[in-house]
Amino acid sequence: MSYSYGGGGQPAAYGAPAAGYAPAPQAYGQPAAGPYGGGAMGQAAHGAYGQPPMQSAQGYGGVSTAPYQSAPAAAPPASGPDSVAMWFRAIDTDASGFLDARELQQALAKGNLHYGLTDTDQMVRAFDTRGSRSLNVQEFQKLHEFLNSVTASFNYFDADRSRALTLSETVNALRHAGFNMDPPVVQAMFKRHDPNNSGTLSLDEYIRLCLFLQSCVRTFSAFDAQRAGRITLDFNQFVYAGSHIA
């Protein structure tokens, strides 16, 4: 069973933290309720995108066939909660009710999206709300929705159809998702996720950037219970926070 990511529809917001947070010492705070991280800190979180992205082929990466890669012959099943739950059970090879990074890696490969174990571990840590280094079916559903949204965003803001986002296209995509960050911040994130220094981000690099940003939102919100948009950390708290950023 495989899924198509990013095919049609409006890109949904993808910066809002999942409910809950990996267990933390009480002194380190708990995450603020509701969405967080959209626009200037403290504003309402990400609004809907203004226009739907271009329709894309049914390939797992959601890329269009002109000039993108060809779609697989078989159309994927629907991506509703029931279908995702069926997919989850099919790839939960040990029937534990949880997916670890290796099982997730195998699941994504079945959908023609190949990631290393480090990448799938990043995905697990970004959506694991229980601190177990694994995903239950609800967390897997959230990851599925996140990948759909990020891929749709990538396709929509890839204005020149180069299969890569420039810095300016990345700024537009993040701003449209509600993240109005200072240029040096975006540039630093961009460079971190451009390992070959090409000046562009491929789809998988853009997904990694968005996972990083998702983790930053969740970690920051754990220390900002009052939604003030500003936190103060001692060194121990800083290291603790950094350890929770995927």
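Me: What does partly exposed mean here?
Reply: A relative accessible area between the cut-offs for buried, under 20%, and exposed, over 50%. This is a predicted model.

Me: Why is Arg-130 called partly exposed?
Reply: Its relative accessible area is 29%.

Me: What makes Glu-139 and Arg-130 a salt bridge?
Reply: Their closest N and O atoms are 2.7 Å apart. The cut-off is within 4 Å, so the pair counts.

Me: Why is Glu-139 called buried?
Reply: Its relative accessible area is 5%. Buried means under 20%, so Glu-139 qualifies.

Me: How do you know that Asp-119 and Arg-208 meet in a salt bridge?
Reply: The N to O distance is 2.7 Å. That is within 4 Å, so the pair is a salt bridge. Asp-119 lies in helix α3 and Arg-208 in helix α7, so the bridge ties together parts 89 residues apart in sequence. Asp-204 is linked with them in a network of salt bridges.

Me: What separates Arg-125 and Asp-121 in helix α3?
Reply: About one helical turn, because they are four residues apart. Their side chains meet in a salt bridge at 3.0 Å, N to O. Asp-121 is at 16% relative accessible area, under 20%, so Asp-121 is buried. Arg-125, at 27%, is partly exposed.

Me: Why is Phe-238 called exposed?
Reply: Its relative accessible area is 54%. The cut-off is over 50%, so Phe-238 is exposed. Phe-238 sits in helix α8. With Phe-235 and Val-239, Phe-238 makes a nonpolar surface patch of about 350 Å².

Key:
Residues numbered from 1 in each chain as written. Predicted model: local features only at pLDDT ≥ 70, side-chain atom pairs only at ≥ 80, totals over all residues. Heavy atoms only, no water. Patch = residues over 30% accessible without salt bridge, like charges linked within 9 Å, V, L, I, M, F, W, Y side chains within 5 Å. Areas by Shrake-Rupley, 256 points an atom, 1.4 Å probe, with all protein chains shown as cover. Helix = DSSP H or I, 4+ residues; strand = E, 2+ residues; numbered from the N terminus. Buried < 20%, exposed > 50% of the residue type's maximum accessible area, 1.4 Å probe, protein only.
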